[in-house]
Amino acid sequence: MENRYHRQTMLPEIGEEGQRRLADAKVLVVGAGGLGSPITLYLAGAGVGTLALMDDDVVSLTNLHRQVLYGEDVLGMPKAVCATERLQRLNSDVHIITYPERLTPQNAAERIAAYDIVVDGTDNAAVRYLISDVCQALRKPYVYGAICGFEGQVAVLCAGHATYRTLGVVGPTPGTVGSVEAAQAIQLLCGMGSPLIDRLWTIDLRTMQSFVIDL
């Protein structure tokens, strides 16, 4: 039988050991919208063993131009539930946990404590501060991403000295930024490459200029 992960295990940076680490990993994605769509699709495709989705919103028509998890057939339905069904069809090897709820000060510590990494698919500064503060307290890496028009940013926070409070309020374009966030999560889980720990990557898709700054 053909190995579905052959194209990534043939990379020496991942290999069979990296794939085992992905299979053992537990990742929480907060937000299943424009950023959460590419994040979860790529993490599920890569074979992350346990993938949890948290979102309390429903699918609307104005979501569909950028939230590629969804189609017209699921309008009005809970995003977390629809995303789970879509991702399970993509990769039945992945155990998907669904939280059709908002991350709050009351549930954040319990939810985040159960996972190795939290990946940011939100568009809410208050929720980002909450994720950052809890990840810092629990020593969990926080893969931050944000979008604003054509501009995007990604950083790995709470794995060194930098937190979301280091950045302040900033924002990014969903497909590009979500894909970079998924790549950062895979690097952290596989222990490879040079993740953006205490560094901020930014891109402007109007000019394709990008740069990395130390935090």
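How many of the six residues of strand β7 are buried? I counted five, in residues 199–204, so β7 is largely enclosed by the rest of the structure. Buried means under 20% relative accessible area, exposed over 50%, and partly exposed in between, with a 1.4 Å probe and protein chains only. Helices (H or I, at least four residues) and strands (E, at least two) are DSSP runs, numbered from the N terminus.

I noted the ground rules. This is a predicted model, where local features need pLDDT of at least 70, side-chain atom pairs count only at pLDDT 80 or more, and totals for chains, interfaces and linings use all residues. Residues are numbered from 1 along each chain as its sequence is written, and side-chain values use heavy atoms, without hydrogens and water.

**Partners of β7**
I looked up pairing, which needs at least two DSSP bridges between two strands. Strand β6 (residues 151–157) pairs with β7 in the antiparallel sense over five bridges. Glutamine 153 stands opposite threonine 202 there. β7 and strand β8 (residues 209–214) are also antiparallel, over six bridges. Tryptophan 201 faces valine 212 across that pairing. β7 and β8 form a hairpin with four residues between them. Methionine 208 in the turn has a positive phi of about 65°.

**Cysteines**
I found zero disulfides; one is a pair of cysteine sulfur atoms within 2.5 Å. The sulfur of cysteine 158 is 5.3 Å from its closest cysteine sulfur, in cysteine 135, too far for a bond. Cysteine 158 is buried at 10% relative accessible area. Cysteine 148 is exposed at 52%.
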